[in-house]
2 protein chains.
Amino acid sequence: MELSRTERTRHRRLRDQGRSDRAALVEVLRAGFVCHLGVVVDGTPMVVPTVYGFDDDFLYFHGSVASRSLAGGQTVCVTVTHVDGLVLARSVFEHGVNYRSAMVYGPPRALSGADKLAALRVLTEHAAPGQWDYARRPSAKELAATVIFALSLDEASVKVAEGPPGDGDGPDASLGLWAGVVPLETVCRPPSPDPALPAGIGVPAHIAALARTPLFTK
Amino acid sequence: MELSRTERTRHRRLRDQGRSDRAALVEVLRAGFVCHLGVVVDGTPMVVPTVYGFDDDFLYFHGSVASRSLAGGQTVCVTVTHVDGLVLARSVFEHGVNYRSAMVYGPPRALSGADKLAALRVLTEHAAPGQWDYARRPSAKELAATVIFALSLDEASVKVAEGPPGDGDGPDASLGLWAGVVPLETVCRPPSPDPALPAGIGVPAHIAALARTPLFTK
């Protein structure tokens, strides 16, 4: 499935490799659970990190910090980025970053009732599969105090930069300098129990499994 | 040194712990090299990842993708976020993320000449200390093709969320559920040489050292 091509999501630059299929978008969204939400407040951009989840049609995000700004139905930009490596070239000019990034544009819709509960389940299961059935689910009062927005995945773009530096076959190759990539990876460490936890409550299998899933790796 | 308190950088929410000292800002900026830059384009926010560096007074960022939008001197928001852990509570409502985040607001200034070269050195040395003296420095033509902005660090805010979930001493503690934090960490892997590299060019000490520095860890 092709992603939409709008003026905002058209790829302009050479080095960044634009992807235009839905599968590439899903791959980037699957690999993290914190996005950067951009909204306009009094004419000025504000970029805040927040948690997200997604399904076939929508990205869902926690919107408490932005709820006042989003009441008017303004278009937002949600960006998810994974930094995969530092690209060290022979010349400073060719230095760069290997990354995967997705941008989703649109007017988000505040959810309520059963839709909000379903979205909260998606958010929770995205970050920690199995946790929705394990933890105590939200009460009516807690749900009312939770702000969740849905953003259509229709207008999105994906950029991926990967591979070695680009000056390996140019004149700088004769400089005799080392060049390559320092890969970066985000990893889960073993679960750290709440100090308030009574003895005898072990780590559930679905949480122990987090460190072994490919969620946070390329 | 205290950070400024403006309407934009005042901390409003309870769970997020606002910090107001310059040392906290420096600590967050030191721990990464990719920020999310928020600009307004035709009334709509755009959030793009880009590389940054900083000194005592300014944050410097690569601005090619945003250069047209920034020509008018508009105020931007640059956000740097480190995700430190997934907070798994007894209740879904108390779930959250441990993170460190810095937001810097202001009108960036496009650099030229010696200022641009100095900022590019700061950017390069921030991501890979030692690389400025090792790699070939930019030619006049390359420097002209590079877009670097300086953003004052005067208007900034820092938020840090850390520690175990908050429901360890509430009624949900009696549910007998496991609760705690799954720590996340971004690590450097061993340098991957450019396949075009001739035999006999070893990894320089300053690049091998990247994997051992605390730059990308808490």
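Buried, as the word is used here, means under 20% relative accessible area, while exposed means over 50% and partly exposed means in between, all with a 1.4 Å probe and with protein chains only. Helices (H or I, at least four residues) and strands (E, at least two) are DSSP runs, numbered from the N terminus.

## Basis of the model

This is a predicted model, in which local features need pLDDT of at least 70 and side-chain atom pairs count only at pLDDT 80 or more, whereas totals for chains, interfaces and linings use all residues. Residues are numbered from 1 along each chain as its sequence is written, chains are lettered from A and ligands numbered from 1 in the order in which they are written, and side-chain values use heavy atoms, with hydrogens and water left out.

## Chain A as a whole

Chain A contains 6 helices and 11 strands, and 51% of its 218 residues count as buried. Its accessible surface, computed by the Shrake-Rupley method with a 1.4 Å probe, comes to about 9,400 Å², and carbon and sulfur atoms hold 54% of that area.

Contact means heavy atoms within 4.5 Å. Among the contacts in chain A with a separation of 6 or more, 71% are between residues 24 or more positions apart.

## How the two chains are related

Two copies of a chain are related by a rotation about an axis and a shift along it. Here chain A is superposed on chain B by a rotation of 180° with 0.0 Å of shift along the axis, and the RMSD is 0.0 Å. That is the relation of a two-fold axis. The superposition is by least squares on the C-alpha atoms of residues with pLDDT of at least 70 in both copies.

The residue of chain A that comes closest to the rotation axis is A:Thr186, with its C-alpha at 2.0 Å. Of the interface residues of chain A, 99% are also interface residues in chain B, so the copies meet through the same surface.

## Strands that pair across the chains

Two strands pair if DSSP finds at least two bridges between them. Strand E10 of chain A (residues 180-188) pairs with strand E10 of chain B (residues 180-188) in the antiparallel sense, over 5 bridges, and within this pairing A:Thr186 stands opposite B:Thr186.

Strand E11 of chain A (residues 192-193) runs antiparallel to E10(B) and is joined to it by 2 bridges, with B:Gly180 as the bridge partner of A:Pro193. Strand E5 of chain B (residues 76-88) also pairs with E10(B) in the antiparallel sense, over 4 bridges, and there B:Leu86 stands opposite B:Val182.

## A largely enclosed strand

Strand E8 of chain A (residues 148-152) has 4 of its 5 residues buried, so it is largely enclosed by the rest of the structure. Strand E4 of chain A (residues 58-62) pairs with E8(A) in the antiparallel sense over 5 bridges, while strand E7 of chain A (residues 109-110) is joined to E8(A) by 2 bridges, again antiparallel.

## Helix H3 and its buried face

Helix H3 of chain A (residues 113-127) has 15 residues, which at 1.5 Å a residue should span 21 Å, and its end C-alpha atoms are 22 Å apart, which agrees; the expected span is 1.5 Å times one less than the number of residues. The buried residues in H3(A) include A:Lys116, A:Leu120, A:Leu123 and A:His126. Seen down the axis of H3(A), its buried residues fall within an arc of 160°, so they line one face of the helix, where the arc is that of the directions from the helix axis to the C-beta atoms.

A:Thr124 is placed in helix H3 of chain A and counts as buried at 10% relative accessibility. Leaving aside neighbours within four places in sequence, A:Thr124 is in contact with A:Pro129, A:Gln131 and A:Trp132, and also with B:Val92 of the other chain.

## A buried loop residue

A:Asp172 lies in the loop between strand E9 (155-161) and E10 of chain A, and at 12% relative accessibility it counts as buried. A:Asp172 and A:Arg90 are 82 residues apart in sequence, yet their C-alpha atoms are 6.2 Å apart in space. Not counting residues up to four places away in sequence, A:Asp172 touches A:Arg90, A:Ser91 and A:Asp167, together with B:Arg136.
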